[in-house]
Amino acid sequence: MIISAADFKNILLNISDAIEKNVNYLTELDAEIGDGDHGANMEKGFKKIKQQLLASETQDGGEMLIIAGKVLLNEIGGAMGPLYGGGLVKAGVALKGKSSFNKNDILNLFASMLESIKSLGGAKIGDKTMVDTLEPFVTEYGKAIVELELPEAFEKALISAKKGMLSTKDIISRIGRSSRLLERSKGHLDVGATSSYIILESFYKSITLLLN
Ligand code: ADP
Ligand code: MG
């Protein structure tokens, strides 16, 4: 499977819609052990990403990711601006000049994003952050594409991402705002791990739509 620039743009627009649909859920989760701003931050950012992508004529997928990353870097508060924003810019630089994407490009995208998030935020698996969703996804996807095509590999990796997201419920936060709660952070899903899963799930749904 090869994803065209036009399809890639639609994938990003669909992610914006998925975030918008889940704003209240993200707000509730962040209110439990954070400050409740994650839903609003993500909504504001992804609405603006949608506007800018719709206004852009670019056929360069890397450029699209850079546009999205810059919006989050420049306009969004909380941990999300630098983490997601920096991650998207890094992924965009890695894919610059590409107007179609194969399964290796998609690995490059998510691996670059994860690397940026980990180097900036210093989180490891088990710290109760978005890394708990993204790292299992990247590891599983990287293994799966050796034998499987893009959609099947993505589906398999999404299962690992979901397990990772769910694993954040029963652990103590070791990084970010919720880490101040120590033991009390247990019993609640991490909101960043959840928004990362929503993004991956939306990406997968868009891929399956392209197949039909
Ligand atoms: P803030 O905590 O500043 O209010 P948000 O509510 O937008 O920011 O995002 C909180 C999420 O950010 C957390 O649930 C966690 O997944 C993620 N996060 C926070 N700090 C880090 C970090 N250092 N590395 C990776 N992810 C982090
Ligand atoms: Mg918050």
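**Close-up views of a predicted model**

**View 1. A lysine in the loop between α6 and α7.** With a relative accessibility of 0%, Lys128 counts as buried. This residue belongs to the loop that lies between α6 and α7. The model is predicted, and in it the phi angle of Lys128 is near 70°, a positive value in a residue other than glycine. Most residues other than glycine have a negative phi.

**View 2. A leucine in the loop between α8 and α9.** Leu182 is located in the loop between α8 (150-167) and α9. The phi angle of Leu182 is near 50°, again a positive value in a residue that is not glycine. Leu182 has a relative accessible area of 57% and is therefore exposed, the cut-off being over 50%.

View 3. Asp30, Asp35 and Asp37 coordinate the magnesium ion (ligand 2) through their OD atoms, at 2.0 to 2.3 Å. Along the chain, the donors of this ion follow the spacing D-x4-D-x1-D. Asp30 has 9% relative accessibility and so counts as buried, whereas Asp35, with a relative accessible area of 37%, is partly exposed.

**View 4. The largest nonpolar core.** This core contains 61 residues, and those with the most contacts inside it are Ile106, Phe154 and Phe203. Helix α9 (residues 191-211) gives the most to the core, contributing nine residues. When neighbours within four places in sequence are left aside, Phe203 is in contact with Phe8, Ile11, Ile15, Ile106, Leu109, Phe110 and Phe154. In soluble globular proteins, nonpolar side chains tend to be buried together.

**View 5. Helix α1 and its buried residues.** Helix α1 covers residues 5-21. At 1.5 Å a residue, its 17 residues should span 24 Å, and the separation of 25 Å between its end C-alpha atoms agrees with this. The buried residues of α1 are Ala5, Phe8, Lys9, Ile11, Leu12, Leu13, Ile15, Ser16, Ala18 and Ile19.

**View 6. The packing of helices α7 and α9.** Two packed helices are described by the angle between their axes and the distance between the axes. Helix α7 (residues 131-144) packs with α9 at an angle of about 40°, and their axes are 7 Å apart. This angle makes α7 oblique to α9. On the α7 side, the contact is made by Thr133, Leu134 and Phe137; on the α9 side, by Ala193, Ser196, Tyr197 and Leu200.

**View 7. The surroundings of Lys96.** Lys96 lies in the loop between α5 (80-94) and β2 (100-101). With a relative accessible area of 46%, Lys96 is partly exposed. Not counting residues up to four places away in sequence, Lys96 touches Asp60, Gly62, Glu63 and Ile66. Lys96 and Val71 are 25 residues apart along the chain, and their C-alpha atoms are separated by 17 Å.

Note on methods. Residues are numbered from 1 along each chain as its sequence is written. Chains are lettered from A and ligands numbered from 1 in the order in which they are written. This is a predicted model: local features need pLDDT of at least 70, side-chain atom pairs count only at pLDDT 80 or more; totals for chains, interfaces and linings use all residues. Side-chain values use heavy atoms; hydrogens and water are left out. A nonpolar core is a set of buried Ala, Val, Leu, Ile, Met, Phe, Trp, Tyr and Cys residues joined through side-chain atoms within 4.5 Å. Buried means under 20% relative accessible area, exposed over 50%, partly exposed in between (1.4 Å probe, protein chains only). Helices (H or I, at least four residues) and strands (E, at least two) are DSSP runs, numbered from the N terminus. Contact means heavy atoms within 4.5 Å. The expected span of a helix is 1.5 Å times one less than its number of residues. Donors are N, O and S atoms within 2.8 Å of the metal (3.2 Å for Na, K and Ca); water is not among the atoms, so sites may look incomplete. Axes are lines fitted to C-alpha atoms, for helices over the stretch in contact, and angles run from 0 to 180 degrees between N-to-C directions. Angles under 35 degrees count as roughly parallel, over 145 as roughly antiparallel, 65 to 115 as roughly perpendicular and the rest as oblique.
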